[in-house]
Amino acid sequence: MEPVTIYGRMSCGFCVRARQLCEVKGYDYRFVDMIAEGISKGDLSETLGRPVVTVPQILVGDDYVGGCDEFFAFVRQQEALAGS
């Protein structure tokens with residue numbers, strides 16, 4: 001899988017779950033702490049080209065995946081494709 005980028009906050013439970021999934025699966029990932037980096041949801045909206053209401057916001061390579069639930073579904077789908 002291409003490198004994963006997770007934009008979120010350290011205090012966000014969904015962000016923690018997304019990071020843990022990457023660690024368990026051995027994915028190369030980068031966590032961008034929006035608070036530490038001074039990135040607002042508005043800033044991220046401009047970067048992603050879509051409204052940002054919640055975190056995490058996750059990309060695989062340059063492709064936008066979505067939030068935590070969408071990322072888990074994406075991983076399941078990739079594993080199913082690899083198994084077929």
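**Close-up 1. Contacts of Ile58 in the predicted model**. Setting aside neighbours within four places in sequence, Ile58 is in contact with Val4, Thr5, Ile6, Ala18, Asp63, Tyr64, Val65, Gly66, Gly67, Cys68 and Phe71. Ile58 sits in strand 3. Its relative accessible area is 0%. Ile58 is therefore buried, the cut-off being under 20%. Leu48 lies ten residues from Ile58 along the chain. The C-alpha atoms of Ile58 and Leu48 are 10.0 Å apart.

**Close-up 2. The buried face of helix 3**. Helix 3 spans residues 41–48. Three of its residues, Leu44, Ser45 and Leu48, are buried. Viewed down the helix axis, the buried residues fall within an arc of 105 degrees, so they line one face of helix 3. What do these buried residues pack against? Their partners are strand 1 (4–8), helix 2 (34–37), strand 3 (57–60) and strand 4 (63–66). Turned away from the buried side is a face that carries Glu46 and Thr47. Both Glu46 and Thr47 are exposed.

**Close-up 3. Ser45 in helix 3**. Ser45 belongs to helix 3. Its relative accessible area is 18%. The limit for a buried residue is under 20%, so Ser45 counts as buried. Which residues does Ser45 contact, leaving aside neighbours within four places in sequence? They are Arg50, Pro51 and Val52.

**Close-up 4. The salt bridge between Glu79 and Lys25**. The structure holds one salt bridge. Glu79 pairs with Lys25. The closest N and O atoms of this pair are 2.5 Å apart. The bridge links distant parts of the chain. Glu79 is in helix 4 (residues 68–83), and Lys25 is in helix 1 (residues 13–25).

Technical notes
Residues are numbered from 1 along each chain as its sequence is written. This is a predicted model: local features need pLDDT of at least 70, side-chain atom pairs count only at pLDDT 80 or more; totals for chains, interfaces and linings use all residues. Side-chain values use heavy atoms; hydrogens and water are left out. Buried means under 20% relative accessible area, exposed over 50%, partly exposed in between (1.4 Å probe, protein chains only). Helices (H or I, at least four residues) and strands (E, at least two) are DSSP runs, numbered from the N terminus. The arc is that of the directions from the helix axis to the C-beta atoms. Contact means heavy atoms within 4.5 Å. A salt bridge is a side-chain nitrogen of Lys or Arg within 4 Å of a carboxyl oxygen of Asp or Glu.
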